[in-house]
Amino acid sequence: MHLILFIMFAGLCLAGALNLLLQKHPINSALSLVVVMTSLAVLYLLLGAEFLAAAQIIVYAGAIMVLFTFVIMLLNAGREERTRGSVSAVALGFPAVAAILAVIATVILKAQDLGSASLSDGITSTEELSRVLFHELLLPFEVTSVLILIAILGAVALARRGNGEEAGK
Amino acid sequence: MTILQFVLFSLLKVLVVTVVLLTAVAYTVLLERKVVGRIQNRWGPSRVGPFGLLQPLVDGVKLFLKEDLVPASVYRPLFLLAPVLALGCALVSIAVVPFGNPAVAPEGFHLFQISDVNIGLLVVLGVTSIGVYGIALAGWSSNNKYSLLGSLRSSAQLISYELALGLSLVGVVLRAGSLNLRVIVESQAGHGILSWNIFGGFQIVAFFIYLTAAYAETNRAPFDLPEAESELTAGYHTEYSSMKFATFFMAEYANMITVSCVASLLFLGGWTSPFGSLLPPPHNIILSALLPIFWFVVKVFFFLFLYIWVRGTLPRFRYDQLMNFGWRYLMPIAILNIVGTSLWLALKH
């Protein structure tokens with residue numbers, strides 16, 4: 001049962017990712033990304049990470065991708081123009097992708113202390129997750145939130161710099 | 001239970017709940033027309049059937065028989081997908097709502113709930129946040145400036161108010177120690193009305209934040225800017241006709257019902273009785289199964305009535321007021337509520 005669901009949603013995820021690249025219209029690409037995010041959430045759920053699955057849906061599929069589509073709609077971005085593509089991009093791009101994939105795969109396969117998860121694992125409750133997050137990993141968690149805060153402040157500062165008069169309001 | 005039995009039992013529950021929900025949607029529309037009519041000193045629909053009770057049926061037939069126009073310049077795939085998405089999401093979130101006391105049902109049967117999920121509350125929030133796409137895509141694919149403006153407003157409004165909505169629920173979750181809606185209800189079952197989160201849990205501030213944010217989430221007055229008829233014709237569903245329009249209409253009312261269900265589960269103790277143990281529990285098994293459902297329906301009805309009352313009373317917000325209110329007032333108060341509740345819980349232990 002788990003395996004059938006895994007194959008279904010992993011397939012959906014890959015199909016969405018391919019569609020994202022192949023679609024000519026930005027809104028279709030954005031919606032394919034929503035499909036990818038949602039099927040990832042199901043994969044998390046299959047691994048027993050229920051809170052992560054819900055957070056994936058609420059944060060990524062619900063909030064971030066709505067912002068994406070919002071911006072696409074606001075700018076009224078049209079279809080992409082078809083170009084012949086550049087030879088150098090193809091010549092450099094594919095080897096670069098292969099090299100990066102190889103490096104990441106080696107690192108992951110060589111790592112010794114990585115835990116493993118299987119599809120039939122029990123569900124990790126939100127309580128356990130928050131205990132790990134707020135007891136053992138408290139410092140990294142707080143540092144990450146400060147990092148995000150800095151990014152937000154930077155974005156606000158950049159957005160305000162353009163017109164000096166309005167910023168004073 | 002074998003898998004086949006489980007699937008059949010679930011299908012049966014889904015069927016019953018969907019039929020009840022859609023009937024409730026139809027009659028909420030009638031209730032709204034009647035109540036708003038009385039608020040405006042007129043009768044509302046009164047011709048079809050006794051007291052106009054058959055009006056929803058006739059409305060349905062009318063919408064079904066209308067010509068189904070698809071304008072030439074729309075982006076067809078998304079134009080057709082949007083209403084399906086809107087109604088689909090509106091119907092899905094009812095799946096985690098517990099309607100009655102699970103203790104009455106035989107062991108292993110979730111008789112009063114389609115599925116008893118650990119993260120029920122998050123499922124409701126997640127499905128609602130996906131539902132935005134229905135409205136956003138409807139406006140964009142219609143290729144009409146009013147529709148586009150309507151859906152832009154709607155997306156911005158939903159993103160802004162979802163934050164306050166989510167934060168207002170944290171206090172309740174902290175008190176119950178679970179995201180499971182059934183457990184949240186059971187945590188309020190002790191002493192009737194006194195142990196409901198709104199009174200005994202001191203979540204009354206969170207309750208008002210939730211209610212305000214939920215009105216904005218469901219695009220209802222006074223936050224119905226996405227379909228402000230005086231500025232935007234009909235907003236995101238301007239180009240929709242016949243059953244496609246009706247789909248959006250049903251989605252809006254189904255969302256109202258879901259929001260009312262969640263509000264009564266989280267703040268008014270769901271299916272628990274307001275009298276607690278003052279009234280002796282009924283010995284009759286049928287009565288003890290039906291009484292919790294009765295209390296639940298009464299609470300949901302109260303919220304639906306409140307929706308209509310507010311619509312008949314308050315004028316629409318201006319857009320900048322809406323944004324200011326969400327970000328500058330609701331969100332800080334919601335955060336303060338979380339801090340207050342956690343402090344209180346920490347000191348109590």
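**Entry 1: two crossing helices in chain B**

I began with helix α3 (residues 76-92) and helix α4 (residues 120-141) of chain B, whose axes come within 8 Å and cross at roughly 155 degrees. I noted that axes are lines fitted to C-alpha atoms, for helices over the stretch in contact, and that angles run from 0 to 180 degrees between N-to-C directions. That angle makes α3(B) roughly antiparallel to α4(B), since angles over 145 degrees count as roughly antiparallel, under 35 as roughly parallel, 65 to 115 as roughly perpendicular and the rest as oblique. The residues that make the contact include B:Leu78, B:Phe79 and B:Leu81 of α3(B) and B:Val127, B:Ile130 and B:Gly131 of α4(B), where contact means that two C-beta atoms, placed from the backbone, lie within 7 Å. I sorted this contact by class and found 16 nonpolar, 3 polar and no charged residues; Ala, Val, Leu, Ile, Met, Phe, Trp, Tyr, Cys and Pro count as nonpolar, Asp, Glu, Lys and Arg as charged, and the others, Gly among them, as polar.

Before going on I wrote down that this is a predicted model, in which local features need pLDDT of at least 70 and side-chain atom pairs count only at pLDDT 80 or more, while totals for chains, interfaces and linings use all residues. Residues are numbered from 1 along each chain as its sequence is written, and chains are lettered from A and ligands numbered from 1 in the order in which they are written.

**Entry 2: α4 of chain B on its own**

Is α4(B) buried or exposed? I found that 22 of its 22 residues are buried, so α4(B) is largely enclosed by the rest of the structure. Here a residue is buried if 20 or more other C-beta atoms lie within 10 Å of its own, exposed if 12 or fewer, and partly exposed in between, with C-beta atoms placed from the backbone. I also checked its length: the end C-alpha atoms are 32 Å apart, in agreement with the 32 Å that its 22 residues should span at 1.5 Å a residue, the expected span being 1.5 Å times one less than the number of residues. After α4(B) comes B:Asn143, with a positive phi near 60 degrees.

I turned next to helix α1 (residues 3-39) of chain B, which packs against helix α2 (residues 55-65) at an angle of about 110 degrees, with the axes 9 Å apart. This makes α1(B) roughly perpendicular to α2(B). On the α1(B) side the contact is made by B:Ala26, B:Tyr27, B:Val29 and B:Leu30, and on the α2(B) side by B:Gln55, B:Pro56 and B:Gly60. This contact has 5 nonpolar, 2 polar and no charged residues. The buried residues of α1(B) are B:Leu21, B:Ala24, B:Val25, B:Thr28, B:Leu30 and B:Lys34, and they pack against α2, α3, α9 (242-266) and α10 (285-313) of chain B.

In the loop between α1 and α2 of chain B I looked up B:Asn41, a residue other than glycine whose phi is positive, near 60 degrees. B:Asn41 counts as exposed because it has 6 C-beta neighbours inside 10 Å. B:Phe51 lies in the loop between α1 and α2 as well, and it has a positive phi of about 55 degrees although it is not a glycine. With 13 other C-beta atoms within 10 Å, B:Phe51 is partly exposed.

**Entry 3: chain A**

I counted 7 helices and 0 strands in chain A, helices (H or I, at least four residues) and strands (E, at least two) being DSSP runs numbered from the N terminus. Of its 169 residues, 17% count as buried. Helix α4 (residues 87-110) of chain A reaches 35 Å from its first C-alpha to its last, close to the 34 Å expected, and the count of buried residues among its 24 residues is 0.

A:Leu47 sits in the loop between α2 (26-46) and α3 of chain A, and its C-alpha is 6.4 Å from that of A:Ser118, although the two are 71 residues apart in sequence.

**Entry 4: where the chains touch**

How many residues of chain A are in contact with chain B? I found 18 residues of chain A in contact with 18 residues of chain B. Helix α3 (residues 50-75) of chain A gives the most to this side of chain A, with 14 residues. The residues of that side divide into 13 nonpolar, 4 polar and 1 charged.
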